[in-house]
Amino acid sequence: MVPKDIIGSFMWRRKWIYLLSIAAIGVAEAVQVQIPRVLGNFINQFKLGITAAGVTHYALLLMAIAAVYVVTFGLGQFIMGHLGRTMEFELRERLFAHWETLSSRYFQQHSVGDLLNHALTDVPAVREAMSGGFNQITQAIFLFVATLYMTISSINPDLTLVSLVPILLIPGIIVIVGPKVRIRSRLVQEALSNMAELAEESFQAIRLIKATSNEAVEIDRFKTLVDEIVARQMRLVQLNTLFQAILPLLSGVSFAIGLVYGGDLVIHHQISLGSFVAFTVYLSMLVTPLMQFGFVINTFQNSSASLIRIGTLLSVQPDIADPETPVEKDWLGGVTVRDLTFRYPGSKVSALDAVSVSVPHGSTLGVVGRTGSGKTTLLNLILRDYDPPAATILIDGVDVRDMRLADLRELVAYVPQDGFLFSTTIGSNIAFSQPTVVPEQVEHAARQSRIMDTIRAMPEGIHTPVGERGIMLSGGQRQRTAIARALIKSQAKILILDDSLSAVDTRTETEILGVLQGVRGQKTTIIAAHRLSALRLADWIIVLDKGRIVEQGTHAELMRNNALYARLYRIQSGGEPAHG
Amino acid sequence: MAKAQPFDIDREETLSSTSFSAMRRLLAYARPHWSSFLIVVGLVIVYNLTQVVQPWLVKIVIDQDLLAHHPRLHAIAVVGVFYLLVTFVGLVSNFIQNRRLQLTGQTIIRQIRQDLFAHIESLSMRFFDTHETGRLITNVTSDTNRISLFFTNFLLSVIRDGFSIMLVMAAMLLLDWKLALISFIVIPVIALISVLFRNKLRYSYGYTRSQLSRLIGYTAENLGGMRITQLFHQETKQMDQYSKLNQAYTVGNVNEFRWSVLFNRTFDALGNFSVALMAWVGGLAVLHHAIQLGVLYAFTSYIRQFFTPINSLTQQWNTLQSSMISAERIGGVLLTRPEVVEPPAPSTTDASLGRGRVAFEHVSFGYQPGQPILKDIHFQVEPRSFVGFVGQTGAGKSTLMALLTRFYDVQSGAVTIDGVDIRQVGSRDLHRIMAIVQQEVNLFSGTVADNIRLFRADISDRAVEEAAEIAGAAEFIRVMPGGYRSWLTAKGSNLSLGQRQLLAFARALTLNPRILILDEATASLDSHTEMILQQGLTRIAEGRTTLVIAHRLSTIRQADTIYVMDQGRVVEQGTHQHLIELGGYYAELVHRSGPTADVSGAADFPLD
């Protein structure tokens, strides 16, 4: 659904409420423009002779008008603002729900920062147009029309038109200068964030800077950026101050014309003194809607760009979807890879080249290879993170593409390389896929992955928050928590570990492998690693290089083979000289 | 730091660090600009006067020209021109004042920023251990920004709005003092309503902000972890959570909006009511011929002129508070003294530290009192030798290197280079002869060449390229789209871990150090990449004293001496062969790191 339609249907569903708020604002403005007229009449009464009761009458009338105006306008303004915020809520919901359907490829192509920008700036920009902008334009139109009507009909058309000329320039100037101000203020923001970035990288590299006595160079670099901020800030100030001077100048000119021309008309008895006073008040009332016209045009321009960006985002189709007729059966979890060649979109080289391997259910496959050899790609294809070519990855003989995504993901438990955790408690991270488990089950999984001792030492045990991306934990602790998160998913028949033991020490690695040995035979296990010690349990090992299987066999066979595997083995066991 | 007199710590030792005195000290930064502030005040007064004059002119037109028995158009025209002139003068003075004040504020803040940054850079490692980087960045960016608001908003408002209120009051008193006194009733009412709403508005604004940052934080995290959510099939749960936060934010936002509508409309109503009040009181006065009709007009205009300045003044309390808090934070940083101090009279020059013999003489050290990390470390590394340090995490290897680079001072004993205590050497001289390569390679936003030469102007492009060549980095740099001019970012996602390490090697080489320290430099690499790096390492270590902290034992197999550390002590030392034959701790480490260590034995570990 295109966002224009979303907004259209949102407004259509609430058309009566919208009409109510427009009507409220209309009434408010119609009432407000009576104030100068009443003041004018009041002044005229002094020439005609007025009593004390008459004075009181006018004062009360002014009060009553003010009260009606304030209440109706406040009501209209609030309803519109409320509607705008409700729409903002719905847009955000749609965005998030849409993101959840998109595949890994999408998230690799778009940085989190860019996507967040949509939620942070584009959505509020649309809301701003829909509440503030809509409210202002309604108010401006009513006020402008009502004021013009009052001045032309009850005072003097010529006076109105002549005095109006200078202030009619106001919206034009705002439309021209407004975007320039925005550009310059963005430049200031950029300069500020450049400075923040330099401070960040400099403080983070403080050891390097101190070890090289490079402080003076850093201070110089910082100075340059700070000077740039001042320069850009002053360019913004120049434009802003000009802007702030021109608008009042124009209304001043209008007022001066009104004063002289109006005075002339009074002298020649073409308008009354009261009308003259009323007119000066009307003139000041006209400035506001004219400024609003300019601002609203800018707001709408701004938000239509945002609306287009949101539209582009919502129109992205998920590239991995459920098959039309998914295969349903009781899955055992045997994995077969059959002549799999895979190339990332936009890449010229194959990430995987004619890979075939069979992992009978309950057995363990080890995948080894240097960084970039295709280990992670292979695992990701089994997870259907990306779509493999048809009939190249089969689970219990069924193409993964013919499985329902939900079924596949219920079947697999996965431990990522980076041990990604959410900033919730360590307990809810472990129980991520099983929100209903009891604490004992969480603790059991934590013991299995050797993270329980760490949890016990934490101030609030399993209820301790782990911070953003698990920042409160070390790399090894994160990995062990991620392993617990996979182990607690007891219904899973396939366990995939993507270099998930790289940050734990060798003793803990041994202990965790001991636990994995315990589920041998029940779960198909695939372990990718570049530390060979993590593959001790493997029934079968494949060695990948540039996307091809260059060797495969059991550990003993590969050692006899005396090729890449044996060489890696020797380096890692300290048997081959690395230096000298 | 030449211009940092306001924070000259030696002279102002006794100052307490409350926010008021912190603010006072920051105000000292404004002292050189007093003449600018004087000009600003003058211009503000001119502007305010022109604003007050306008209703008065209309009053003149009404009373003297229009209500006169013989109305004179000529006089009205004169007033009209005068009115334009006044408006113009007001706008010009406001224009100049604005620019002047902004420039002054920016200049002051530039100085504070530079001094603050320079000061932070001068502080010792322990400061960075105990202060989060994020906090320090906030100090440099937003705290300084809030202080600039003090100069550009708070001071301006107090002067401008204060004068504005006083001038309007004066004009009213001049016109008719009795009516003026009655009108002044509205001033406390405006102030009271403004203050009451201000608290409510601030609270609801703060609440909405915190809800928004929770929502944004959650969104950011879930975008980053979307894959995990999908792979664990938890989309519904995460969406529910999101909706709750979204709902909470929307409720807060609507509530905040409700208060702001209420506040603005109340102010509106108050403005109109005071005009009505004026019409009533003033109207009766006109009726009794106590005042002229034009005076009534002027009063209805003036009474509206109270609202803006009073409202703006009440807002400034928040600005003042937040800039005082920021001043206190910045003051706290500026008052911190570097722990590691330069020797008053450096006893040695670069030349005498020429050979590179490193010795630790009975060194003990701990980050916390009572928790020693290094205990009586005593050894000597010969010039141009290659030595390795091994041991478990926490054994004290990295601390050793931090003492050698003098990030910290030893608590007892001494670290010497060629027999000279490093505490007697100026830090520039000391660091000129050594270079350190760490596991994590820090990159800076800049070109590849600048990253290698660390932005130093005295290192030529040629020297950079030579260093890259020797370190083995030239190969990948050449194939980058811009070569040595390619742009890198601090996050450095465009370089692989191996490439970053090679770049760090090149960086160390351009410094041509006599002593080279490698702190777990190759730990995060796969074996193959490590092998390539080893070749580069061999080349750059040539002819230098090289100290290597190793994660993988293979890195230091060939070392002249291996120091085995455990719990802050050197427990074994010797060549690889010697240590293996010794059959002690080192031999056990070697055995344990092998790929075929027994797993079945491990299964015997109790599961809890």
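Residues are numbered from 1 along each chain as its sequence is written, and chains are lettered from A and ligands numbered from 1 in the order in which they are written. Because the model is predicted, local features need pLDDT of at least 70 and side-chain atom pairs count only at pLDDT 80 or more, while totals for chains, interfaces and linings use all residues.

Chain A contains 19 helices and 10 strands. Helices (H or I, at least four residues) and strands (E, at least two) are DSSP runs, numbered from the N terminus. The C-alpha atoms of chain A occupy a box of roughly 120 × 65 × 50 Å along the principal axes. The radius of gyration of chain A is 36 Å, whereas a compact globule of 580 residues would have one near 25 Å. This radius is taken over C-alpha atoms, and the globule rule is 2.2 Å times the number of residues to the power 0.38. Of the 580 residues in chain A, 44% are buried. A residue is buried if 20 or more other C-beta atoms lie within 10 Å of its own, exposed if 12 or fewer, and partly exposed in between, with C-beta atoms placed from the backbone. Among contacts in chain A with a separation of 6 or more, 79% link residues 24 or more positions apart. Two residues are in contact if their C-beta atoms, placed from the backbone, lie within 7 Å.

Chain A is divided into domain 1 (1–155 + 296–319), domain 2 (156–270) and domain 3 (335–572), with bounds from an automatic or database domain assignment. The C-alpha centres of domain 1 and domain 2 of chain A are 25 Å apart. Six residues from domain 1 of chain A and eight residues from domain 2 of chain A take part in the contact. On the domain 1 side, helix H6 (112–154) and helix H10 (273–314) of chain A are the elements that give two or more residues, and H6(A) gives the most, with three residues. This side has four nonpolar, two polar and no charged residues. In this classification Ala, Val, Leu, Ile, Met, Phe, Trp, Tyr, Cys and Pro count as nonpolar, Asp, Glu, Lys and Arg as charged, and the others, Gly among them, as polar.

Between the chains, 120 residues of chain B are in contact with 125 residues of chain A. Helix H9 (residues 235–287) of chain B gives the most to the chain B side, with 25 residues. By class, that side has 63 nonpolar, 38 polar and 19 charged residues.

In chain A, strand E9 (residues 540–545) and strand E10 (residues 548–553) run antiparallel and are joined by five bridges. Two strands pair if DSSP finds at least two bridges between them. A:Val543 has A:Glu551 in E10(A) as its bridge partner. E9(A) and E10(A) form a hairpin with two residues between them, and A:Lys546 in the turn has a positive phi of about 50 degrees.

Most residues other than glycine have a negative phi. A:Ala354, which is not a glycine, has a positive phi of about 50 degrees and is found in strand E2 (residues 352–359) of chain A. A:Ala354 counts as partly exposed because it has 13 C-beta neighbours inside 10 Å. B:Leu454 also has a positive phi, of about 55 degrees, and is found in the loop between helix H14 (448–453) and helix H15 (461–471) of chain B. B:Leu454 is buried, because 20 other C-beta atoms lie within 10 Å.

In chain B, five of the five residues of strand E10 (residues 545–549) are buried. On one side of E10(B) are B:Thr545, B:Leu547 and B:Ile549, and on the other are B:Thr546 and B:Val548. E10(B) pairs in the parallel sense with strand E3 (residues 386–390) of chain B over four bridges and with strand E9 (residues 515–519) of chain B over five bridges. B:Thr546 in E10(B) stands opposite B:Phe386 and opposite B:Leu516.

The largest nonpolar core has 113 residues, of which B:Ala471, B:Phe505, B:Ala506, B:Ala508 and B:Ile517 touch the most other members. A nonpolar core is a set of buried Ala, Val, Leu, Ile, Met, Phe, Trp, Tyr and Cys residues joined through C-beta atoms within 7 Å. Helix H5 (residues 133–175) of chain B gives the most to this core, with 10 residues. Apart from it lies another core, of 79 residues, among them A:Phe279, B:Leu66, B:Val86 and B:Val295.
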